[in-house]
Amino acid sequence: MKKYILILSALFVLWSCEDQEVVVFDSENGFLQLASTSAQLTEGDESVTTTVLLGSGENSSGVTVNFTVTSSDPSRYTVTPDNGSIQIPAGQYSADIVIEPIDNLLVDGDLEVVIELTSGSSLPVGLGGEAMEAFSKTVTIIDDDCPVDINAFVGTYSVAEVFTSGTNEGLTLAGAFGESYQVEITLDPSDVTGTKLVLNNSAGFNEYFSPGTILTLNACPGTITFDAGDPTLALFAAMTVEESSFDEGGVTIQADGPLGGFGPYQFILTKM
């Protein structure tokens with residue numbers, strides 16, 4: 001059993017009950033270390049705070065702490081302060097680095113964010129100033145979005161569409177205009193999230209979606225959004241999507257909402 005005794009002075013002592021060995025770290029002016037070396041939070045959480053501790057008997061003039069924050073995708077969080085440096089004010093013995101995750105609807109996996117105190121700080125870093133322990137912390141941001149097999153949605157789709165209530169209830173655009181609709185769905189080649197589809201009209205059919213319309217499957221809420229905003233359907237009017245869903249098993253995509261000022265409307269795309 002190991003016991004660690006931290007003396008807030010220039011002296012840092014490790015005492016072992018097993019072998020009675022005393023290890024002394026003697027840093028004349030003190031040292032800087034992190035209060036913890038790991039943490040995790042989900043995308044939907046507010047933030048995680050990393051506290052930098054000053055091991056010193058006094059702090060009469062303030063201490064500069066330099067740090068780096070690295071990860072494979074810095075766009076998924078913010079850092080405060082964001083300039084890689086904080087101050088422990090005179091008379092105080094700690095300062096905080098805050099990581100705030102950005103909650104997105106993308107299935108982009110967990111992300112490890114590494115905070116590391118650097119040798120450019122005004123005092124030595126790590127446990128006892130030895131730069132061996134407690135100078136680095138790994139914060140894991142857990143992806144809270146659900147996976148979806150985007151490839152299952154590639155194919156040809158029939159279009160069922162109708163006004164669902166109001167004065168136009170039961171009316172279809174296909175019937176009103178004497179048209180027929182069928183849609184081809186492919187993967188978006190520029191997508192790295194595995195959630196985006198490209199909609200085009202099948203050859204020989206009338207235009208229902210604007211060619212090249214990009215649709216995103218928002219996996220965990222099970223909804224859809226259109227990247228360019230409200231889609232214009234059948235060259236007629238823009239639809240405001242108020243409710244939507246997709247079914248990976250039956251391979252359907254559904255949206256409900258008003259079509260321009262003509263009343264509540266619904267379309268269902270079903271893979272053929």
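A: Let's start with Tyr 181, which is buried because its relative accessible area is 8%, and buried means under 20% (exposed is over 50%, partly exposed lies in between, with a 1.4 Å probe and protein chains only). Before we go on, please keep in mind that this is a predicted model, in which local features need pLDDT of at least 70 and side-chain atom pairs count only at pLDDT 80 or more, while totals for chains, interfaces and linings use all residues. Residues are numbered from 1 along each chain as its sequence is written, and side-chain values use heavy atoms, leaving out hydrogens and water.

Across the whole structure, a search turns up nine aromatic pairs. One of them joins Tyr 181 and Tyr 208, with 4.9 Å from centre to centre and 45° between the planes, a tilted arrangement. Here the rings of Phe, Tyr and Trp (its six-membered ring) pair if their centres lie within 6.5 Å; planes under 30 degrees apart count as stacked, over 60 as edge-to-face, and the rest as tilted. This pair brings distant parts of the chain together, 27 residues apart: Tyr 181 sits in the loop between α1 (173-177) and β14 (182-187), and Tyr 208 in the loop between β15 (196-201) and β16 (213-218). These labels are DSSP runs numbered from the N terminus, with helices (H or I) of at least four residues and strands (E) of at least two.

How accessible is Tyr 208? Its relative accessibility is 0%, so Tyr 208 counts as buried. Tyr 208 also pairs with Phe 209, this time edge-to-face, at 5.0 Å centre to centre and 80° between the planes. Phe 209 is buried too, because its relative accessible area is 1%. Ring pairs build a cluster from Tyr 181, Tyr 208, Phe 209, Phe 226 and Phe 267.

Now for the charged side chains. The count of salt bridges comes to three, where a salt bridge is a side-chain nitrogen of Lys or Arg within 4 Å of a carboxyl oxygen of Asp or Glu. One of them joins Glu 43 and Arg 76, at 3.2 Å from N to O. Glu 43 lies in the loop between β5 and β6 (48-55), and Arg 76 in the loop between β7 (63-70) and β8 (77-80), so the bridge ties together parts 33 residues apart in sequence. Glu 43 and Arg 76 are both buried.

Arg 76 has another partner: Asp 108, with the closest N and O atoms 3.4 Å apart. This pair also links distant parts of the chain, with Asp 108 in the loop between β10 (94-101) and β11 (111-117), 32 residues from Arg 76. Asp 108 counts as partly exposed because its relative accessibility is 27%, while Arg 76 has a relative accessible area of 4%. Together, Glu 43, Arg 76 and Asp 108 form a network of salt bridges.

Elsewhere, Asp 227 bridges to Lys 196, and the closest N and O atoms there are 2.9 Å apart. Asp 227 is partly exposed, with a relative accessible area of 44%, whereas Lys 196 counts as buried at 18%.

The backbone has a few details to find as well. The peptide bond from Thr 80 to Pro 81 is cis, with omega near -5°, and Pro 81 belongs to the loop between β8 and β9 (85-88). Leu 235 is not a glycine, yet has a positive phi of about 60°; this residue lies in the loop between β18 and β19 (237-238) and counts as exposed at 65% relative accessibility. Val 251, also other than glycine, has a positive phi near 55°. Val 251 lies in the loop between β20 (243-247) and β21 (252-258) and is buried, with a relative accessible area of 11%.

One last stop is Gln 40 in strand β5 (residues 38-42), which counts as exposed at 59% relative accessibility. Gln 40 and Glu 112 are 72 residues apart in sequence and 8.9 Å apart in space, C-alpha to C-alpha.
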